[in-house]
Amino acid sequence: MRFNELYNVLHKVPFEPFRIQLTNGQSHVIRHPDFAWLKRTSILIGLASGHDDIPDDHTECDLLHVVAIEPANGSRRRNGARPKKRPR
């Protein structure tokens, strides 16, 4: 995934929580923009182990391994593309 695509999703106003899908099948939900730190070639994601969603650990994912972004509510976007509207 390109840096700019992920940057735009992280800085959308109002922010919408989203999930990133990785090439190895893992996924991570980003519930708040302060819990993700985008670098030139990777993203650091805060991981919460408690019930309060406050990160107490992190993981780093190479942007080359991010294959999809989807809203945390589930409708899927690949490579930053918007979901297609259904015909009426």
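Modeller: Leucine 63 lies in the loop between S5 and strand S6 (66-71); helices (H or I, at least four residues) and strands (E, at least two) are DSSP runs, numbered from the N terminus. This is a predicted model, in which local features need pLDDT of at least 70 and side-chain atom pairs count only at pLDDT 80 or more, while totals for chains, interfaces and linings use all residues. Residues are numbered from 1 along each chain as its sequence is written, and side-chain values use heavy atoms, with hydrogens and water left out.

Biologist: Why does leucine 63 count as buried?

Modeller: Buried means under 20% relative accessible area, exposed over 50%, and partly exposed in between (1.4 Å probe, protein chains only). Leucine 63 has 3% relative accessibility and therefore counts as buried.

Biologist: Which residues does leucine 63 touch, not counting those up to four places away in sequence?

Modeller: Contact means heavy atoms within 4.5 Å. Among the residues touched by leucine 63 are Met1, Phe3, Leu6, Leu38 and Ile43. Leucine 63 and isoleucine 43 are 20 residues apart in sequence, with 6.8 Å between their C-alpha atoms.

Biologist: What makes arginine 19 and glutamate 70 a salt bridge?

Modeller: A salt bridge is a side-chain nitrogen of Lys or Arg within 4 Å of a carboxyl oxygen of Asp or Glu. For the side chains of arginine 19 and glutamate 70, the N to O distance is 3.1 Å. The pair links distant parts of the chain, with arginine 19 in strand S1 (residues 18-22) and glutamate 70 in strand S6, 51 residues apart.

Biologist: Why is glutamate 70 described as buried, and why is arginine 19 described as partly exposed?

Modeller: Glutamate 70 is at 9% relative accessibility, so it counts as buried. Arginine 19 has a relative accessible area of 21% and is therefore partly exposed.

Biologist: How many salt bridges does a search of the whole structure find?

Modeller: The search finds three. One of them joins glutamate 60 to lysine 39, with the closest N and O atoms 2.9 Å apart. Here too the pair links distant parts of the chain: glutamate 60 belongs to strand S5, and lysine 39 to the loop between strand S3 (36-38) and strand S4 (42-47), 21 residues apart. In another, the side chains of lysine 12 and glutamate 16 meet at 3.2 Å, N to O.

Biologist: Why does glutamate 60 count as partly exposed?

Modeller: Glutamate 60 is at 44% relative accessibility and therefore counts as partly exposed.
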